[in-house]
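Hi,

Here is the model I said I'd pass along. Have a look at it first, and then read on for what turned up.

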Amino acid sequence: MVHDTVPPTAADPPTTRPRERGALARGQSALHTKPLLGPLIVLLLASLFFSVWVGSRFSDPLNISLIVQQVQIIGMVGIAQTLIVLTAGIDLSVGAITVLASVVMGKLAVDHGLPVPLALLLGVIVGGVCGGLNGVLVTRFRIPPFIATLGTLSVFSALTLFYSRSETIRAQDVPPLLSWPGRSINVLGTDVTYSSLMMIGCFAAVAYLLRGTAWGAHLHAVGDNREGARLSGIRTGRVLLSVYVVAGLICGIAAWFLIGRIGSVSPQAGENLNLQSITAVVIGGTSLFGGRGHVLGTLLGSLIVGVFSSGLALSGVDALWQVFTVGVLVIVAVAADQWIRKVAA
């Protein structure tokens, strides 16, 4: 018995298409389930590219140390921003909180004569109070995070200028404890600041809180589906309020690092921290829609910005195009997030 066979036609899809689609889907699924994978690949490729293009000047341990020092404030503020973004919100006031807390620390210690440890503690508490105010506006008054923090951005910035009288506390007047984070120690032949080491410790601590505690699980649940989290018994309002308070406290710690970084207390410092923190979070793979991401991705995102800025500067590229490159990175990161979410759905 002979069976008729139908010859392949041009309309039939190539036999390789299903395999290609399967590989692509697996890659997208891996990027969705492992949010650190994407930014890690970008960081490694960027470092390799600039090491080849620029040469030993880029890979020199001193330059690597400078990159870490330059991104430490962005990284710290980025931790606070990550917590907010994971809840499907955004905080436009993190930079203003950081600067206000630094001014409070400096003024209390220098102008009002308070013991430096107490001034430092009160500055961190001010950061927590500012974060708590944002949380109250979002949870109690139901104001969208973007609008609430846009308003408090102006409020905190105005308070900073009012309290400081727009005056900078000079480096020689800053107590040693406030500038201590800017001091460095020798590690493997290169100088590493205390604030850089403390920043890494903060990332590790927050990563544990998010992955190893019930609070972290509730935070992710609220960001992924707030109504579903509420119906499952999670007190979403309390979780959101606690997230904003913790973010404010982290900004207070970042204020201490800021003083150590610039060596003085200035109400004009950190003008771009708000946007820089969002940039680090987005490039680090945290979804702006909430529920997906990893705080260590923000560290990678900060380093990616630092690597590109340093590499382009050493290459003699104009600062204008350095800013342009960072903008392109943000657009690509958001487009990639949309692509990953669409396939995962």
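A quick word on terms before the tally: helices here are DSSP runs of H or I with at least four residues, strands are runs of E with at least two, and both are numbered from the N terminus. Counted that way, the chain comes to 15 helices and two strands. Do keep in mind that this is a predicted model.

**Overall picture**

The C-alpha trace spans about 105 × 55 × 35 Å along its principal axes. The chain has 345 residues, and 46% of them are buried. If you take the contacts between residues at least 6 apart in sequence, 75% join residues at least 24 apart.

**The core**

The largest nonpolar core holds 83 residues. Which residues have the most contacts inside it? Those are Met76, Ile79, Met105 and Leu178. Helix 12, residues 236–262, gives the most to this core, with 13 residues.

Leu178 is a handy one to click on. Leaving out residues up to four places away in sequence, Leu178 touches Met105, Gly106, Ala109, Val116, Leu120, Trp256, Ile259 and Gly260.

**Helix 5 against helix 13**

Next, a helix pair: helix 5 (residues 94–111) and helix 13 (residues 273–283). Their axes come within 7 Å and cross at roughly 125°. Angles of 65 to 115 degrees would count as roughly perpendicular and those over 145 as roughly antiparallel, so helix 5 is oblique to helix 13.

On the helix 5 side, the residues that meet the partner are Val94, Gly95, Ala96 and Thr98, while helix 13 brings Leu273, Asn274 and Ser277. Sorted by class, that contact has three nonpolar residues, four polar ones and no charged ones.

Thr325 lies in helix 15, residues 319–344. The side chain of Thr325 reaches the backbone oxygen of Trp321 at 2.8 Å. Thr325 also touches Phe308 and Leu312, again not counting residues up to four places away in sequence.

Phe49 is in helix 2, residues 37–54.

Note on methods:
Residues are numbered from 1 along each chain as its sequence is written. This is a predicted model: local features need pLDDT of at least 70, side-chain atom pairs count only at pLDDT 80 or more; totals for chains, interfaces and linings use all residues. Side-chain values use heavy atoms; hydrogens and water are left out. Axes are lines fitted to C-alpha atoms, for helices over the stretch in contact, and angles run from 0 to 180 degrees between N-to-C directions. Angles under 35 degrees count as roughly parallel, over 145 as roughly antiparallel, 65 to 115 as roughly perpendicular and the rest as oblique. Contact means heavy atoms within 4.5 Å. Ala, Val, Leu, Ile, Met, Phe, Trp, Tyr, Cys and Pro count as nonpolar, Asp, Glu, Lys and Arg as charged, and the others, Gly among them, as polar. A nonpolar core is a set of buried Ala, Val, Leu, Ile, Met, Phe, Trp, Tyr and Cys residues joined through side-chain atoms within 4.5 Å. Buried means under 20% relative accessible area, exposed over 50%, partly exposed in between (1.4 Å probe, protein chains only). A polar contact is a pair of N or O atoms within 3.5 Å; within protein, one must be able to donate a hydrogen and the other to accept it, and residues adjacent in sequence count only if both atoms are side-chain atoms.
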